[in-house]
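Take a walk through this structure with the coordinates open.

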Amino acid sequence: MQSNYIFRSIIALGIITMASCKPEFKTITPSKGTADFSRYIAVGNSLTAGYADGGLYLEGQQNSYPEMIAAQMKAVGGGAFSSPFFTAAQANGSGYLKLTGFTASGTPTTAAVTTDLAVRDQITIPPYGNITLYTKYTGDLNNYGVPGIKLLQITSGGYANLNGYFERLLPDNSPAINTSYLSFVTAKPFTFFSCWLGNNDILLYATAGGASPTDQPTDKGTFAALYNLAISTLTASGAKGVVATIPDVLSTPYFNTVTLASLLKAVQVSAPTVNALYIQTGSGAVRAATAADYFVLPLASANLIGTPNGAGYPYGLHPLNPITSQYVLDKDEAAIVADYTDSYNATIKSVAASKGLAVMDAYALLNEYGSGKAVNGVTVSAAYITGNLFSLDGIHLTPMGYAIVANAYIKAINTQYGSSIPIVDVTKYRGVKFP
Amino acid sequence: MKKILLSFLLAVPILGYSQSFQVNLQGQKQIGMAGAGTGVALDEAAVFFNPGAVSFLKQNGVQGGISPILMRSSFRENGSNITEHNENKVPTPFQGYAVFGSPADRLRFGMGVYTPFGGDMYWKPDWTGKYTVTSLDLRSIYFQPTLSYKITDHIGIGAGLVYSQGHVDLKRAVPLTLNNGQSSTAELEGDTHDFGWNAGIYLETEVGITIGITHRSEVNANVKSGDATFNVPAALSATFPTKFTASLPLPGTSTLGLGFHPSDKTIIDFDVNWVQWSKYKNLAFNYNTNAAIPNSVSPRNYHDAATLRLGIQNQTTAKLALRAGVGYAFSPVNDGYVTPEVPDANRVLLSAGIGYKVTNRFNIDASFLYENVKKRNETNIESGLSGEFKTVAYIPGISLSYKW
């Protein structure tokens, strides 16, 4: 009896031992390398704020790349990290787009989310103009991403009177604010920074089809001077950091979903003889569109093509009623975008090199993934909606896209500073939500 | 447009198996000897190991046994600090054999039921490789009626017809986000019914060495009308397929076995298996509609691979036999093609076994097999999944036999 009991115990113990004996790998020693992550701040624009689907809302903020990086930094001595979250009651923030379905021909349809917003007021402030104000955020702050900000604007004291996303981070109310973005982000000591500024200096020119007088490309010399200033200020008290280049906006779905071919195909369903579309270029000239001209994503939902004007000429199909300039980035404007982007990126890389900073090459990264790349079994690409990389606005990223960016930052930081920040699991983050 | 947009989603591999999922658990005595058994006439399991040796068995008998597999796989994505483990599911391959006819006759009959291929790999539903696979449940049962004929007192031949019945159930996540933020999922499930054969020659040489040469044929497992169940967003679900066909080569295996008999009580068997995995070029799925997704072809490009097995049995007392074995299996999977449903690599096999004659007719055999699959750091060419795999398996087993 006794020996039987012992025998059974040995068998039971053996089974438990086998069951618990999971293979393990060599432990990675956590190391911060030559950097100090105890207070990390994120400097940047909408991409840094977690903007997605044409708006800033809580889920996007929670899935911003700085939130992901900061969470991973905790493994190597990173400190607390705060983003200016909207409250749960106002979780939809500025509002955003959601996918509602597909038309019979497969064209996606979207609708704006307009409930549970954090909109405080909409006022006109002379001389700045109209501004939408959001519920103020007053807590700790590490993520300083301000949607819409250009590098050109970081030293402007009155900028918050122009941008409600910046205004909500500041204690004062518009129009009494006189705090520049650069002085605000550097007011409190920090040990590490990421800086992804400069996108809007060319992006806003491109998305407006080159047609907005207030959104012309920032002068290259001005850009270089301001970038030097920004990085000198950020590194003035010894902080280390990582900077990012400007993505190739021409490879985003915003400029590649609506094409000459797709427009012609749609027109030819009812008018098979049509074989040319007419555009108004940035110079005001009217000519037939070519494959080298880009059309912006909003043209698809504008439903203008073919609509007759007062004289009876159908929109886009006749030289006397061309597709207007704001919907077209013609090939000359596209060349300007490419030229300025290259120049800005050369500046960013050379300033980073002179300060010994890590560089996350977003231009190369998003082109690599945008052209189609398998990531843990997911083929991500720049395809609109199903590419899993870009959100519904065609410019900003999905949570999965931001996770890919976060990992590129982490790898750049680890390479430059010899740290061992672990990467995030990209597959834990979603693509575009389908109904 | 939708079709084009979706066309990449399922271009990724789905199903597979490997040396590791060639299940070599076909007899408790042989498992205790690291799976060697082709070069000797040990017991009724010769129906599987060498039909030519069946006619050399001194008694008729029937036996049945099982071998629950405790398999532990781990994965760590390169750059991550998180190690993920497979879930604890315990597949139970079984084996049953019977040998009839008069031991005095030259012609003997056998019947075998066994599970030569299978896989049970369950990762957590939200693991980092979920878009490649979350679970694979692959089972095949072979039924093999067998004839064995002793041509002379020292040469036997035998052959069996194999009827293979298979079942596959594969699950994975699909990179389309549902409205609740979760991933879509796909499940492919189907049955196969196919035929093959198993044949062998058994020789007793004058120098006392016994030799076995066998070949088990390839079986092409065809899923003719499998169920494809896609849990995808409502806006897309009408366009997704509901049925699929697929074909999976269960490779042929040639074996040379050498038996040594240093004393009346001791048997040593050395087997070399050569598995024709090179048949496994692609894994293809064809769907009943391609409105949402194209048919998929995933390259596998396996190569033929050998396994070496050395086992010893010692009849320690009249009632008690002790066994031990060691083996080495070369992986058929090339670098860049390792997939998480079969995280294969070269492996070491260590085994021990014990046999006990309760009565002259009634025997119990037990075995324990330990498989240590080498660490392998892989970046899969097709899925991009990059990280380190490590697998160990603990396989206890037991069988009962009755002889007459």
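Two residues are in contact if their C-beta atoms, placed from the backbone, lie within 7 Å. Keep that cut-off in mind. Note too that this is a predicted model.

Start in chain A. Helix 4 of chain A covers residues 65-73, and helix 14 of chain A covers residues 399-417. Their axes come within 8 Å and cross at roughly 50 degrees. That angle makes helix 4 of chain A oblique to helix 14 of chain A. The crossing is right-handed.

Which residues meet here? Helix 4 of chain A brings A:Y65, A:M68, A:I69 and A:Q72. From helix 14 of chain A come A:Y402, A:A403, A:V405, A:A406, A:Y409 and A:I410. This contact divides into 9 nonpolar residues, 1 polar and no charged.

Now turn to chain B. Here 35 residues of chain A are in contact with 41 residues of chain B. On the chain A side, helix 1 (2-20), strand 2 (96-102), strand 13 (373-375) and strand 14 (378-380) each supply at least two residues. Strand 13 of chain A gives the largest share, 3 residues. The chain A side divides into 18 nonpolar, 11 polar and 6 charged residues.

How far does confidence reach? The model scores ipTM 0.91 and pTM 0.92. Chain B has a mean pLDDT of 91, and 95% of its residues reach 70 or more. Within chain B, confidence is highest in strand 10 (residues 210-216), at 97, and lowest in helix 1 (residues 2-6), at a mean of 40. Over residues 1-18 of chain B the pLDDT is below 50. Where pLDDT is low, predicted coordinates should not be read in detail.

How values were computed. Residues numbered from 1 in each chain as written. Chains lettered and ligands numbered in written order. Predicted model: local features only at pLDDT ≥ 70, side-chain atom pairs only at ≥ 80, totals over all residues. Axes fitted to C-alpha atoms, helices over the stretch in contact; angles between N-to-C directions. Helix = DSSP H or I, 4+ residues; strand = E, 2+ residues; numbered from the N terminus. Parallel < 35°, antiparallel > 145°, perpendicular 65-115°, else oblique. Left-handed = near helix turned anticlockwise from the far one by under 90°. Nonpolar A, V, L, I, M, F, W, Y, C, P; charged D, E, K, R; others polar. pLDDT = per-residue confidence, 0-100.
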